[in-house]
Protein chains: 2
Amino acid sequence: MRVSILGAGAMGAALTVPYSEKNDVILWGTEYDTAILEKITKGEEHPRIGVKVAAREILYPDELEKALDSDIILIGVSTEGVMGVFRKIEKYVDSQILITIAKGFIEKDEVLTIPEAIWDEREDLRGKIVAVTGPSIAREVAMRLPTHVTYSCTSHETLDVIKNSLETHFYRIETSTDIIGCEVGSALKNVYSIAISWIRGIESRKHVTMNNLKGIIVSMALREISRIVVAKGGKWESVYGFTGIGDLIATFRGGRNGMFGELLGKGYDVKSALRELEEKGVGVIEGYVNASRAYRLAEELDREKKLKLEDLKLLNGINDVLYHDENAEEVIDALF
Amino acid sequence: MRVSILGAGAMGAALTVPYSEKNDVILWGTEYDTAILEKITKGEEHPRIGVKVAAREILYPDELEKALDSDIILIGVSTEGVMGVFRKIEKYVDSQILITIAKGFIEKDEVLTIPEAIWDEREDLRGKIVAVTGPSIAREVAMRLPTHVTYSCTSHETLDVIKNSLETHFYRIETSTDIIGCEVGSALKNVYSIAISWIRGIESRKHVTMNNLKGIIVSMALREISRIVVAKGGKWESVYGFTGIGDLIATFRGGRNGMFGELLGKGYDVKSALRELEEKGVGVIEGYVNASRAYRLAEELDREKKLKLEDLKLLNGINDVLYHDENAEEVIDALF
């Protein structure tokens with residue numbers, strides 16, 4: 001197969017490694033990726049993952065069209081960039097399989113997952129859109145360390161093609177037709193990671209360990225995530241598999257959402273936490289951007305009587321801390 | 001209420017703190033606890049949790065009878081000691097509520113949870129036996145840090161008494177009638193913790209991080225635990241709540257089972273790992289003792305056609321490493 005990866009960030013670049021085992025892989029970079037593309041072209045390691053990429057061909061921003069007659073096209077940019085890239089390429093897309101890897105929500109008239117936002121513009125592509133979720137730290141994928149993720153799609157036929165062409169010994173693929181459950185669970189994981197990380201901040205400020213509290217908050221987070229997933233039409237099994245728990249465990253100690261949550265737990269307000277991370281050169285905090293969308297999704301589902309927003313105590317707490325200046329530790333105390 | 005705690009180990013002693021908020025608490029120590037009892041009687045901190053206990057009265061090994069006319073009696077010894085203590089006290093027990101906190105299996109003709117083993121001898125006590133499961137690191141409980149656990153019992157009436165008398169602001173109690181699911185899930189959590197901790201050992205030997213693999217193994221562990229729980233007549237919800245996930249998260253980084261698993265992941269064989277821990281003064285490894293029982297329980301459930309033992313790949317792997325000299329890293333590789 002010919003596989004094109006659009007976006008030369010950490011995950012797009014990392015996936016060239018497993019994808020190249022059985023396929024001819026092209027890596028195209030956006031205008032934000034040019035410095036990275038130059039290094040890669042010289043044969044250097046990818047600066048964000050410290051590993052060499054494995055693409056047969058590297059394409060620069062103005063060479064996008066050359067990437068579009070592949071059998072499989074992966075949109076490897078962040079949630080904010082996905083629909084922009086999709087609109088650039090959609091007139092070239094008919095029979096190709098399109099993969100999305102961003103973990104977030106899109107706001108149109110209502111809050112949508114990325115596949116739903118694409119279906120909304122191109123219903124004919126429904127069975128061709130594939131989402132990747134589950135625990136996959138980019139650097140570990142590129143280092144060929146054991147990884148097992150979920151590829152979801154409404155079409156079994158598409159999933160067969162994906163599994164046959166992209167699975168390797170170290171990069172295992174589980175397939176699921178619950179693309180809504182996987183995508184909602186995955187986007188919410190980033191949001192709830194913020195609250196879980198508050199505890200690390202509280203611990204470091206108080207010089208105590210609070211493992212019991214971590215156990216509680218993770219359990220609460222998974223319960224609330226599965227309620228929202230089910231209300232949105234997904235399956236709870238997706239949350240309690242690789243996508244929800246697995247990914248939460250993989251990113252438990254860190255990640256950008258975790259760094260942000262930890263600062264809030266230490267007592268920073270949202271602005272100072274974001275400023276500190278910006279000064280450190282930390283990029284977009286996906287969980288922060290998506291928290292307000294998650295809250296609006298829950299409001300929509302409440303209006304449709306599919307869940308009660310007031311039951312989602314942790315999501316309400318996250319909303320209070322991120323958008324109403326409340327203190328993380330006080331919010332945690334109020335949960336008891 | 002009058003509450004007696006039998007066993008002055010870490011958890012028994014820690015529970016004097018929340019229990020004393022509304023009750024008159026007696027702490028009785030076994031012959032293994034005499035050194036601890038002497039310190040406590042002098043007003044010193046409990047040596048294993050570093051916090052003072054809160055009991056109104058401390059009783060020595062030969063004063064057991066004085067502890068037995070309480071409304072609630074907690075058996076706070078390890079799995080190996082539970083039935084011994086129960087048989088010592090059972091002739092004094094009729095209307096009292098009995099709480100068990102050990103997380104393990106008992107082998108009679110078949111593999112039983114602790115409540116089942118007690119019911120087997122005293123069917124009349126069925127609705128009086130209560131199990132405690134969920135994330136509760138003893139030191140954190142004694143320090144009044146937020147903790148939320150599950151008390152399970154077949155009787156709603158007993159659970160009401162428990163919740164009303166033992167819950168405090170910092171020690172929250174969720175109740176469940178799924179005592180089998182809670183007990184099986186909780187005992188299996190210790191067993192599977194060993195395999196999860198192999199990864200830390202492999203990481204430290206190879207000098208890499210393998211967070212994706214941790215995500216996979218935790219997901220697999222929870223799936224297998226819930227299969228066994230359901231086959232044994234419990235509910236999967238108990239595994240995916242405080243008892244399973246919550247407790248797994250709380251003990252994720254350490255605990256004795258984790259230390260043992262980590263050594264196996266580093267390449268130690270079972271004997272040398274156990275010897276090293278013994279030299280360090282680490283006590284009973286509950287997960288090791290219970291792994292063979294968990295395997296036999298799965299064999300029983302397979303014979304009864306309630307699950308397929310061969311589907312429990314991780315449990316088979318744990319059994320191979322602990323009892324058939326197989327190497328943890330090779331077992332992990334074979335899962336892929």
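Modeller: H207(B) sits in the loop between α7 and α8 (211–231) of chain B, where helices (H or I, at least four residues) and strands (E, at least two) are DSSP runs numbered from the N terminus. This is a predicted model, in which local features need pLDDT of at least 70 and side-chain atom pairs count only at pLDDT 80 or more, while totals for chains, interfaces and linings use all residues. Residues are numbered from 1 along each chain as its sequence is written, and chains are lettered from A and ligands numbered from 1 in the order in which they are written.

Biologist: Why is H207(B) called exposed?

Modeller: A residue is exposed if 12 or fewer other C-beta atoms, placed from the backbone, lie within 10 Å of its own, buried if 20 or more do, and partly exposed in between. H207(B) has 6 other C-beta atoms within 10 Å, and is therefore exposed. H207(B) also has a positive phi of about 55°, although it is not a glycine.

Biologist: What makes S155(A) partly exposed?

Modeller: S155(A), in the loop between β9 and α6 of chain A, has 17 other C-beta atoms within 10 Å, and because this count falls between the two limits, S155(A) is partly exposed.

Biologist: How do you know that the buried residues of α6(A) are on the same side?

Modeller: The buried residues of helix α6 (residues 156–166) of chain A are T158(A), L159(A), I162(A) and L166(A). They cover an arc of only 100° around the axis, taken from the directions from the helix axis to the C-beta atoms, so they lie on the same side of α6(A). On the other side of α6(A), H156(A), E157(A), D160(A) and N164(A) are exposed.

Biologist: Why are α7(B) and α10(B) called roughly parallel?

Modeller: Helix α7 (residues 179–206) and helix α10 (residues 242–250) of chain B pack at an angle of about 30°, with their axes 9 Å apart. Axes are lines fitted to C-alpha atoms, for helices over the stretch in contact, and angles run from 0 to 180 degrees between N-to-C directions. Angles under 35 degrees count as roughly parallel, over 145 as roughly antiparallel, 65 to 115 as roughly perpendicular and the rest as oblique, and α7(B) and α10(B) are therefore roughly parallel to each other.

Biologist: Which residues of α13(A) and α14(A) meet, and how do they divide by class?

Modeller: Two residues are in contact if their C-beta atoms, placed from the backbone, lie within 7 Å. Y288(A), A291(A), S292(A), A294(A), Y295(A) and A298(A) in α13(A) meet L315(A), I318(A), N319(A), L322(A) and Y323(A) in α14(A). This contact has nine nonpolar, two polar and no charged residues, where Ala, Val, Leu, Ile, Met, Phe, Trp, Tyr, Cys and Pro count as nonpolar, Asp, Glu, Lys and Arg as charged, and the others, Gly among them, as polar.

Biologist: How many residues does each chain give to the contact between the chains?

Modeller: The contact takes 32 residues from chain A and 32 residues from chain B. On the side of chain A that touches chain B, the largest share, nine residues, comes from α8(A).
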